[in-house]
Amino acid sequence: MRILRIVQARSLAGAVLVPVAAVVLALASVAVLLMLIGADPAEAFGSMFQASLGDPHALSTTVTKAVPRLVAALGIAVAIRAGLWNIGAEGQIYMGGVAATAVVLFAPELPFPLIPLLAIAAAIIAGAAWGAIPGALRAWRGVNEVITSLMLVYVAVQISRYMLEVPWAIPGATFPSTEPFGSYARLPILVPATLLNLGAVLAVIAAIAAWYLVDRTRFGLNLRAVGGNPRASGFLGIRVKWMIFAVMAISGAFAGLAGSIEVLGVRGRLIEGFSQAYGFEAIAVALLGRLHPAGIVGAALLFGALDAGGAGLQTAARGVSSSIVQIAAGLSVGYVLVGLGIQEKFRERRRASEALADTERTHGVEAAGGSSEASR
Amino acid sequence: MTSEETQTARSGDPLLAVERLTKTYPGVVANYEIDLDLFAGEIHAVLGENGAGKTTLMGAIYGLNRPDSGRIRFEGVEVELDSPRTALGLGIGYVQQHFSLIPTLTVAENLVLSLRSSGEKVAVREGERRVRELSKRYGLDVPPDVSVENLSVGQQQRAEVLKALAKDARVLILDEPTSVVTPQEAAELAAVLQRLASEGVGIFLISHKLEEVLRIAHRISVLRHGRLVGTLAASEASQTRLAEMMVGSLATAADAAASPPSAAGDPVLVVDHVSIPGDYGRLGVRDITFVARAGEVVGVAGVEGSGQVELMEGLAGVRPIASGTASLAGELLNGLPARERQRRGVAHVPADRLGTGFVGTLSIAENLILPLADDDRFSRYGVMRRQAVTEHARSLIAEYDIRVAGPDVLAGTLSGGNQQRLVLARELSRSPVVVLASFATRGLDFASTEAVHRRILEMRDAGACVLYASVELDELLTLTDRIIVLHHGTLAGELPTVEATSEQLGLLMGGSAA
């Protein structure tokens with residue numbers, strides 16, 4: 001899989017260099033864009049910085065906004081490492097949110113942390129189930145997981161909407177949402193007067209777990225083998241179909257966790273549109289983070305900062321839309337892919353010239369030995 | 001080179017001539033000092049096993065790769081074929097194994113696109129007219145207004161031929177044209193090619209199928225290990241002779257003495273009336289019965305596509321056994337997954353090393369323990385024991401002479417010989433009961449080939465039962481104790497190696513009864 005070979009980081013320096021350069025370039029491009037529309041880039045960037053990194057409150061906002069993207073991106077990266085594209089994290093987030101809410105609404109009031117634990121467990125299972133469906137279809141029916149996982153997003157969004165508008169509807173409410181959960185059911189806030197909650201800690205644990213799973217366990221070894229060469233994996237006795245199913249379920253589990261953190265930690269209730277395309281942005285975060293959990297943490301923080309900064313921009317700099325930050329986010333990912341593509345080209349060229357030198361060295365010997373496989 | 005007395009219509013000078021052409025790739029000489037020519041109105045078959053250098057040679061003629069040395073003359077004039085565009089401009093067309101048609105467009109639309117890429121702009125309606133005209137003239141039977149994806153593979157192939165003809169091709173190269181189509185479609189194609197030849201088109205037909213080449217071609221050139229073994233008029237050629245030329249007849253029974261027959265022990269692998277599916281929905285192996293014993297190397301001979309690979313894969317558990325039974329040391333193998341067979345002592349060196357032999361994106365150390373990942377030595381409670389994995393790799397790298405900087409190097413960066421050493425190290429270090437090796441020396445240099453042979457004999461002497469599939473007679477005659485010959489998926493013969501001659505094997509491989 002070419003994209004895997006290109007995107008996957010091989011060294012820490014390589015993992016950091018290209019994304020950082022890409023982000024700098026993206027911000028520079030946005031500065032040019034701001035000048036073109038007659039705004040002052042310094043002022044705009046200043047207000048963005050203030051709103052995202054300027055003080056502890058801003059920083060908390062950035063982290064809070066990074067969390068759902070981070071957790072979902074971890075799952076997406078795990079799938080890509082196995083050669084699978086889980087495009088449906090958004091739907092898995094919604095299923096996680098709905099499952100967590102169901103636990104809170106139906107379980108009795110229990111001492112903390114029982115309800116959040118149960119709710120998170122339910123969300124993980126729901127997300128896993130929502131990822132397992134495309135996984136099973138891919139493994140045993142050969143259906144492309146990109147299509148099915150994406151389609152299931154819309155099913156999940158409608159299920160969430162149905163729950164809010166029919167069984168859990170509040171009569172006379174103007175916006176579809178449940179009642180706020182009691183504090184016994186919520187993830188505690190870490191920094192007072194912000195939304196930063198225990199979910200951030202869970203996200204860090206999830207990042208470590210994802211790294212450990214892929215890079216340290218037997219399951220991870222088989223997963224990477226399937227991602228690298230599914231046919232050879234089958235020849236080596238790995239149950240490739242089962243791996244496809246399991247990896248998609250695990251990928252969905254991460255997104256389900258992201259959904260429960262958003263509902264139990266940030267919103268404190270289920271509300272229509274609670275995930276603002278976090279699951280889709282997570283794909284970009286996974287690629288920008290070069291599929292490595294550490295890189296993904298960095299990329300998610302960048303996206304969180306841009307999100308927080310965009311809100312600040314809207315209020316501070318007149319005439320500048322917050323959508324400018326989405327341009328910055330998109331350009332970052334675009335530049336990373338371009339940069340990595342160029343890097344790969346150089347690598348190929350170096351390999352080719354090394355191979356040529358090698359041929360010249362061994363030419364005489366080989367001509368005498370006389371064997372050939374090159375007509376492929 | 002007996003080319004003069006063929007019965008083709010031929011006017012003096014060749015249409016195309018290759019002179020002393022040499023082409024090397026990293027580590028291999030794909031073509032070495034090859035002389036080959038083609039006359040107008042001639043079907044010239046280029047025969048050889050996989051890796052013999054056929055496609056490289058044709059690629060040079062079509063401008064896909066540039067030779068290191070040598071000349072190509074077109075109508076007596078030396079030409080520099082630096083790209084397919086140049087070749088097309090001269091009237092050289094190439095129908096590759098994988099078609100270059102856009103499935104969602106009609107045949108006529110594909111033709112229009114293809115003409116546009118060579119600078120000629122025509123409307124779709126005009127394209128349809130030309131498709132009809134060419135189709136009628138050469139009996140191609142290709143509908144102009146049907147999407148390519150709705151055509152049969154044979155029709156798609158003929159659409160490719162038509163595309164080349166529309167560019168006034170005078171030389172047409174076809175790469176293994178019959179390997180992808182049904183026998184009926186192959187017969188139709190043969191008729192088309194004969195018609196084209198009668199209109200003066202020169203045709204290079206790449207193939208490894210003896211029967212087909214003898215039926216269609218006027219002249220036959222055989223390549224082996226990148227060299228031209230010889231060119232024969234079809235009238236002088238026979239299946240036996242061609243098979244010998246393809247696989248080499250250098251070895252004699254005397255060479256077999258180099259590997260003294262071992263004392264074969266008890267039956268280990270019993271294959272009883274086994275059939276195994278092949279690709280394209282046909283049976284790859286049909287109703288084969290044989291026994292292989294401990295401490296012997298059983299050669300599995302056959303020309304490419306005779307069922308050797310399917311047999312090995314069926315026994316290794318990566319292809320189902322459709323009927324019959326295979327048993328290992330008295331226990332049934334049918335239905336057991338590949339991993340369970342590995343546990344019971346089956347080692348498999350697969351035919352397609354790059355595609356199925358190892359995982360290029362994993363390190364050497366990881367590759368070496370992939371089949372053993374659930375062994376307590378290498379993982380505990382599902383967590384890999386990295387120290388043990390690395391140490392295991394270090395010792396195997398030394399023992400199997402894998403030339404590499406260290407165990408963490410990605411397997412995909414190794415050269416062919418080192419990749420095969422990696423596969424051997426992984427498979428043979430598990431002390432297998434049965435070793436299934438397919439084309440284990442294909443594409444390897446001399447030293448690596450020797451290393452493979454040595455390892456195989458070591459396994460035999462240690463009491464393993466080895467099935468060794470090869471298309472090289474030399475190798476089979478020197479390495480094995482007994483040879484079974486496959487032809488079209490059935491068992492064509494079985495004989496002790498000391499009694500075998502290359503002529504006899506050639507006959508059996510070609511499908512003639514011994």
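**A strand and the cavities**

A: In strand β6 (residues 92-95) of chain B, Ile92(B) and Tyr94(B) point one way, Gly93(B) and Val95(B) point the other way, and all are buried (under 20% relative accessible area, with a 1.4 Å probe and protein chains only). The model is predicted, so local features need pLDDT of at least 70 and side-chain atom pairs pLDDT 80 or more, whereas totals for chains, interfaces and linings use all residues. Residues are numbered from 1 along each chain, chains are lettered from A, and side-chain values use heavy atoms.

Strand β6(B) pairs in the parallel sense with β7 (residues 171-175) of chain B over four bridges; strands are DSSP E runs of at least two residues, helices H or I runs of at least four, and pairing requires at least two bridges. Within β7(B), Ile173(B) is the bridge partner of Tyr94(B).

The largest cavity has a volume of about 90 Å³, the space filled by probe spheres set on the points. Its lining includes Phe235(A) and Leu236(A) as well as Ala316(B) and Arg426(B). In chain B, α11 (338-343), β16 (346-349) and α15 (416-428) each supply at least two lining residues of the largest cavity.

The second largest cavity has a volume of about 70 Å³. Among its lining residues are Leu74(A), Arg81(A), Trp211(A) and Asp215(A). Helices α4 (56-81) and α8 (199-216) of chain A give two or more residues to this lining.

Notes. 1 Å grid on protein atoms, 1.4 Å probe; cavity = no way out; pocket = protein on both sides within 12 Å on 5 of 7 lines; lining within 4 Å. Buried < 20%, exposed > 50% of the residue type's maximum accessible area, 1.4 Å probe, protein only.
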